[in-house]
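Please examine the sequence and the structure shown below. The paragraphs that follow lead through selected parts of the architecture.

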Amino acid sequence: MIPPTGNAALLEALAISKRFGGLSALAEVSLSIARGEIFGLIGPNGAGKTTLFNVLTGLYAPDAGEFTFDGERLTGMKPYRVAACGIARTFQNIRLFANMSALENVMVGRHVRTRAGVPGAVLRSAATRAEEREIASRAYELLDYVGIAGRAAQPAYGLAYGDQRRLEIARALATEPKLLALDEPAAGMNATERAELKRLLERIRASGVTLLLIEHDVRLVMGLCDRVAVLDYGRKIAEGAPLAVQHDPAVIEAYLGGALA
Amino acid sequence: MYLFSERWQKLRRDPRLVWAATIALALLLVALPFVTDWAVGRTWVRIAAFVLLYIMLALGLNIVVGYAGLLDLGYVAFFAVGAYFYALLASPHFDLHLPFWLLLPAGAAFACVFGVLLGAPTLRLRGDYLAIVTLGFGEIIRIFLLNLNAPINITNGPQGVNLIDPIRLGGLSLAQTHTVLGFTFPAVYNYYYLFLALAFAVIFVSVRLEDSRIGRAWAAIREDEVAAAAMGINTRDVKLLAFAMGASFGGVSGGLFAGFQGFVSPESFTILESIMILCMVVLGGMGHIPGVVLGAVLLVVLPEALRYLGPLQQVLFGRVLADPADLRLLVFGLALILVMLLRPSGLWPSALRRRELAAGGGAAADGRA
């Protein structure tokens with residue numbers, strides 16, 4: 001299932017550890033994500049999946065360990081630098097700019113790839129006007145790409161739940177990521193919305209973006225991911241093809257408890 | 001109501017009407033000093049000039065509070081920095097008399113530096129904590145101005161700086177009466193026109209900034225700082241930029257104030273001034289330029305107009321029942337409370353802010369459940 005370019009790792013995490021007081025949220029987690037694959041991160045609630053996301057995107061600094069992304073060392077970088085390097089993310093609890101329109105939300109995503117500063121904004125030079133047009137048209141294309149172009153002018157908070165999730169994806173794509181990290185993209189979606197989401201994620205992968213997703217929906221993970229890693233109590237307990245992981249005794253124990261294993 | 005609003009929308013788009021309204025407004029603003037002087041006296045021309053000064057200040061604070069969502073309770077510090085910058089470099093105090101065209105941009109830049117100085121230590125703070133630190137900053141500046149008269153006399157302490165040079169544009173002194181085409185322009189008229197021009201410049205810059213890459217970045221950090229950072233916005237730089245831009249407007253207003261008054265002292269830059277400017281922004285409609293302008297107009301004019309409560313009582317009751325000085329502040333306070341109760345998002349809020357407050361917790365609950 002791994003595409004031909006699979007050998008070169010896009011993201012390499014080496015023995016990442018993160019503690020919150022006495023709680024070890026991540027204990028020496030290592031991961032390697034290949035270019036062009038869809039990599040799933042699963043595990044019971046509180047296993048450390050979102051913490052790993054937050055460390056990876058610069059929201060938390062890890063206590064130990066190293067990240068390299070596309071040949072660059074990312075460990076401890078500020079979130080905006082991580083985004084500039086090509087990692088974009090969505091949030092488990094949707095974090096849109098609630099009172100900005102859907103289009104403006106995506107336009108903010110273009111910030112990191114555009115230049116205009118105060119003089120450009122005040123003088124509105126030809127270069128700035130061209131850049132603004134590019135930002136708006138690209139944002140509109142992305143809304144269309146995720147299927148909510150008709151909602152462009154609506155404030156983000158007024159969108160249906162599924163549309164908010166799509167908008168978050170469009171906003172993340174606007175930063176031109178090499179890796180798109182999605183934190184539970186299917187949470188709260190019905191079966192139809194999930195099927196549409198699956199198609200959207202496959203299209204994104206086909207366009208050359210590598211995907212990392214945290215997901216609880218087993219069917220979605222099994223149907224979509226090339227490889228998955230399983231976290232439990234901050235440790236990686238399994239990694240591999242979805243089917244193999246599904247039958248791994250350690251994974252079954254983590255999910256169902258010791259008595260059944 | 002619906003029909004009315006639809007018709008109104010149509011009218012608003014009619015270019016002829018827009019032009020007519022613009023020309024009417026321009027004529028009104030140009031004729032204002034003459035009309036005011038004739039109708040209610042020269043004091044009110046002076047008040048009109050102060051209205052324009054406060055519009056500039058309120059729009060400066062609006063960048064920080066309205067656009068970037070950073071609560072700043074010490075904004076008057078930048079006004080003070082601009083005023084003293086002009087006062088010290090264009091007065092007999094140091095016997096320096098630098099020209100206005102140089103001092104205006106230099107004062108703006110100088111205030112910018114102070115904006116960054118205030119911004120830098122507050123980057124990690126939000127809401128109440130940020131407000132307290134900015135409050136302290138405002139007081140520190142005032143107390144410095146009050147005490148920097150020893151061992152070396154820099155600010156002349158509580159006496160303030162006197163005999164500040166009036167503003168001169170080229171060879172034209174604004175402090176003198178000029179006659180052009182049979183119209184007489186006393187000093188206060190000249191200052192009114194200069195302030196009017198600069199207020200329009202400040203409005204122009206505000207409008208342009210709001211609808212730009214920088215303006216969107218400010219709105220994004222106001223809405224959700226974590227998400228903004230994750231989308232690649234350098235929150236540190238963008239916040240400092242907001243403080244610096246806001247401060248520069250304050251610096252310009254300060255220089256104008258010093259030239260206009262001819263005298264500055266620390267007394268003019270108390271915490272109450274910061275609160276008043278913040279009230280203009282909040283009362284008018286945070287982040288919405290017409291609202292902020294309206295807020296500034298009302299909060300300068302209303303306290304002045306309430307001075308007539310004394311004469312009014314005389315006319316109505318034949319004698320003064322309550323001391324107008326006490327009554328004035330009481331009525332002013334009541335008016336503020338009423339406005340905030342009846343129009344919590346300001347008198348003239350932007351469509352966006354209105355949504356924000358109308359939806360209130362609902363939006364947050366939807367998005368962040």
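**From a sheet to an interface**

In chain A, A:Glu12 stands opposite A:Thr68 in β4(A), where helices (H or I, at least four residues) and strands (E, at least two) are DSSP runs, numbered from the N terminus. The model is a predicted one, in which local features need pLDDT of at least 70 and side-chain atom pairs count only at pLDDT 80 or more, while totals for chains, interfaces and linings use all residues. Residues are numbered from 1 along each chain as its sequence is written, chains are lettered from A, and ligands are numbered from 1 in the order in which they are written.

β1(A) and β4(A) run antiparallel and are joined by five bridges; two strands pair if DSSP finds at least two bridges between them. They belong to an open sheet of four strands, with antiparallel pairing and the order β2-β1-β4-β5 in chain A. Its edge strands, each of which pairs on one side only, are β2 (23-34) and β5 (72-73) of chain A. Strands of a sheet pair through backbone hydrogen bonds, either parallel or antiparallel.

Strand β1 (residues 9-20) of chain A pairs with β2(A) over eight bridges, in the antiparallel sense. A:Ala9 stands opposite A:Ala34 in β2(A), and A:Phe20 stands opposite A:Leu23 in β2(A). Helix α1 (residues 49-56) of chain A packs on the sheet and touches β1, β2 and β4 (64-69) of chain A; its direction makes about 65 degrees with that of β2(A). For such angles, axes are lines fitted to C-alpha atoms, for helices over the stretch in contact, and the values run from 0 to 180 degrees between N-to-C directions. The hairpin of β1(A) and β2(A) has two residues between the strands, and A:Gly21 in this hairpin takes a positive phi near 60 degrees.

Positive phi values also occur at two glutamates of chain A. A:Glu176, although not a glycine, has a positive phi of about 55 degrees, and it lies in the loop between α6 (161-173) and β7 (179-183) of chain A. A:Glu184, likewise not a glycine, has a positive phi of about 50 degrees and lies in the loop between β7 and α7 (191-206) of chain A. Are these two residues buried or exposed? A residue is buried if 20 or more other C-beta atoms lie within 10 Å of its own, exposed if 12 or fewer, and partly exposed in between, with C-beta atoms placed from the backbone. A:Glu176 is partly exposed because 17 other C-beta atoms lie within 10 Å, whereas A:Glu184 is buried, with 21 other C-beta atoms within 10 Å.

Chain B meets chain A through 31 residues of chain B in contact with 34 residues of chain A; two residues are in contact if their C-beta atoms, placed from the backbone, lie within 7 Å. On the chain B side, the elements that give two or more residues are α7 (187-210), α8 (213-223), α9 (225-230), α10 (235-261), α15 (351-359) and α16 (361-367) of chain B. The most is given by α8(B), with seven residues. By class, this side of chain B has 18 nonpolar, four polar and nine charged residues; Ala, Val, Leu, Ile, Met, Phe, Trp, Tyr, Cys and Pro count as nonpolar, Asp, Glu, Lys and Arg as charged, and the others, Gly among them, as polar.

Why is α8(B) largely enclosed by the rest of the structure? Eleven of its eleven residues are buried, so the helix α8(B) is largely enclosed. The buried residues of α8(B) include B:Arg213, B:Trp218 and B:Glu223. They pack against α3 (102-109) and α4 (118-123) of chain A, together with α3, α7, α9 and α10 of chain B.

Helix α3 (residues 42-67) of chain B holds B:Leu57, which counts as buried because it has 31 C-beta neighbours inside 10 Å. Not counting residues up to four places away in sequence, B:Leu57 touches B:Phe79, B:Phe249, B:Gly250, B:Ser253 and B:Ile277.

Elsewhere in chain B, helix α4 (residues 76-89) and helix α5 (residues 100-122) pack at an angle of about 140 degrees, with their axes 9 Å apart. The contact involves, among others, B:Phe78 and B:Phe85 of α4(B) and B:Phe110 and B:Phe114 of α5(B). By class, the contact of α4(B) with α5(B) has ten nonpolar, three polar and no charged residues. Finally, a cis peptide bond joins B:Ala150 and B:Pro151, with omega about 0 degrees; B:Pro151 is placed in the loop between α6 (127-147) and β3 (168-169) of chain B.
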